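The sequence and structure come before the details.

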Amino acid sequence: MNYKHPSGEEFHGVIGRTIEESTPWWPEPKLGAGAPDVVMVVLDDTGFSHLGCYGSTIETPNIDALAARGARFTGFHTTALCSPTRACLLTGRNHHAVGMRGVSNFDTGFPNMRGSIPKSAATLAEILRDKGYATFTTGKWHLAPMSECSAAGPFANWPLQKGFDRYYGFLQGETDQFYPELTHDNHFIDVPARAEDGYHISEDIVDRSAGMIRDIVSLVPERPFFLYTAFGAMHAPHQAPQSYLDKYRGRFDAGWDVEREKWFARQKEMGVIPADTALAPRNPGVRPWEELSPNEKAFAARLQEAFAAMLEHTDHQIGRLIAFLKEVGRWDNTLFILLSDNGASQEGGPTGVFDEMKWFNGIPENVDAAVARLDDIGGPESHCNIPWGWAQAGNTPLKWYKQNTHGGGVRDPLIMHFPAGLAAPGAFRRQFCHAVDIAPTVLDIIGIETPSVVAGVTQMPVHGVSLKAALADPEAKVERAAQFFEMLGHRGIWKSGWKAVTRHEQGKPFDEDRWELYHLAEDFSEMNDLAASEPARLRELIDLWWTEAEAQGALPLDDRNGIALFAASRRPGMPTSRKSFLYRPPVSHIVADACPPVGRGWRMTVDLIHPASAGDGALVARGSINSGFVLYIKEGRLHFDYNCFHDHTRVSDAASLSPGVRNVELVVTRRADGGGDVALAVDGAEVASGTIPKLVFMLSSIGMDIGRSLAPVNRDYAEPFAYGGTIRTVAFDIPSLRPQQGEAVAQVRAAYAQQ
């Protein structure tokens, strides 16, 4: 009998009329026995020299031990930003080609910047899952348009729809380490413990990673797994447990000039960089340490202490993950990859910031005021970032920072550990390589060919090459074509040891950009510009850049303003495409990019049924203890608090809110001077008023909750401070749908900094 099942399933048995006439058949396993597990750990905003094994004096013993037993790369390059680098890592394609020219918050209306990875570039997780791997991801995602990251979706670009079986982490480019916005698989969840009880998201990420692995090794131990873990560290806010902060007190009082020289010397002594490498001069805007005032020194040193504390704390979590893999017998056959997604961040500005939201809003840090709160730095009541001087120290010996295509932005740490395929443990690998090479390397080591079709979709060519040979032989030649770079108009191209690079000024014609030329094979820190002496070679590389840019989808070059970059997030069907918002609680946590844009002022109306007792709680809360606003009831009275970076404006009703059906209205009117007038009313009668000195456009990276508070906005209450009554509706009305330029600029600065 020749019978085909309606499912169309491939079947090599026999189907007869009865079981006696039939022969069953099962597909062969997709992977041979002994397929390795794969763990990829991604650090954020960690510069070339930040790890101890790359030269710094910050203590990273677990990472250092990994490097001593593994392969330490000194020629690894990234895209200079987070979302683009991660798109490269997971697809093996250049970031423009997969719609991730910049951060995933943007959609410019061109294919090179959609903020999501197309189906024609399957992720490593999709490929490995199809081959039988269990696939897990924990930590930062930021590979979906943030306008799609509310509970309304669409979910097509969330981790579970991009090949991962399980997810636990945060979707945004950054989060508070003590009060994170957590997503479990496809839904938002509460933080499992309080900061006061010792919670920190880095520890939580490792616990959840171990839990996912424990399930698979307990139930189906023969099945391999792929774990992609992306810490919030070392992105701002730099926050760590107090014991780590205490350890670094006073360690950086000598300043960035002394410390950078020390790290530079260590790099030469360790062999990280060639002995003839020159130390790049201070970047423009970085002052000599001795020119700083005592307060500026105290503030900058304390910010660096917080950075170091967070890095060592993260190193400890990586050590816990490695120890767990050894405990369950999954270490010796695991390909363990650790890397940074871009260089150290420049978003702290020249002085550093107590709260990075100030930088987004163009508010200079008042250092003399900040030193009064030095002991808060690194804890829950700070959202800090380091100054340029410490960022350049983290990029030693290189120029510039994250966002730039010079070495300080694109040259980063990479360590691979794989006992089964690694020769000369601890030896340096000095080959030029790029983030697009990671996925091809993983597939090559496993023995999987890159599929030409995934889920019925023809796949675009892979742009990276395998580094497997470099693991087996530190001196192996890695055959690769030219590698181009473009970020925010900054451009660069590498070919056969030479690099042409230019730093773009927004608004300046691209043809007027000044290109530099470096023989990177002999000039590690890009110090000897050969543009004048090698004009023909420079011209050849510039022409090649345009050829590669066209082939890789980098065009058109685009340095438009913020309104254009955010236009797509306001198109119909997106959460912020309206000027009126009506919520019907209970609703899930609302991420910042889906919140009403209250920087222009707003009218908020809460229709509720207030109980006769146990009626305290948050009605609407946005942000955190570092900046935000909250409308709440405490001891029976109605309060509104606008927290502008710890400068609180509070208005309160003198009388208790009567039980029953109540209508609470809050109106904030933006004034010409940038402040706001506040009026609070109950059932149409004004009960309190006040004046906010300054309304900011980017209030917080933490979103909004109704009927509860994810994080405290002031210390009147502790999270979650759930309201005991019934909230029937909450309505927001925004004065003008057209965004202001200052608001758009703040959004762009925030989005890029959250990389």
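What is the nearest side chain of opposite charge to R411, and how far away is it? The model is predicted, with pLDDT of at least 70 needed for local features and 80 or more for side-chain atom pairs, while totals for chains, interfaces and linings use all residues. Residues are numbered from 1 along each chain as its sequence is written, and side-chain values use heavy atoms, without hydrogens and water.

The nearest such side chain is E526, 5.7 Å away. R411 is buried (under 20% relative accessible area, 1.4 Å probe, protein chains only) and has no salt bridge (a side-chain nitrogen of Lys or Arg within 4 Å of a carboxyl oxygen of Asp or Glu). A polar atom of the R411 side chain lies 2.9 Å from the backbone oxygen of T74. Leaving aside neighbours within four places in sequence, R411 is in contact (heavy atoms within 4.5 Å) with F48, T74, G75, F76, H77, L398, L520 and F524.

An open sheet is built from four strands in the order β15-β16-β17-β18, with antiparallel pairing (at least two DSSP bridges between two strands). Its edge strands, tabulated below, each pair on one side only.

| Edge strand | Residues |
|---|---|
| β15 | 483–487 |
| β18 | 515–518 |

From one strand to the next, the twist averages 10°. β16 (residues 490–495) and β17 (residues 498–502) are joined by five bridges. W494 has K499 in β17 as its bridge partner. Helix α14 (residues 535–551) packs on the sheet and touches β15, β16, β17 and β18; its direction makes about 110° with that of β16 (angles run from 0 to 180 degrees between N-to-C directions).

Definitions and conventions. Buried < 20%, exposed > 50% of the residue type's maximum accessible area, 1.4 Å probe, protein only. Lys, Arg positive; Asp, Glu negative; His and termini not counted. Polar contact = N/O pair within 3.5 Å; in protein donor to acceptor, adjacent residues only side chain to side chain. Helix = DSSP H or I, 4+ residues; strand = E, 2+ residues; numbered from the N terminus.
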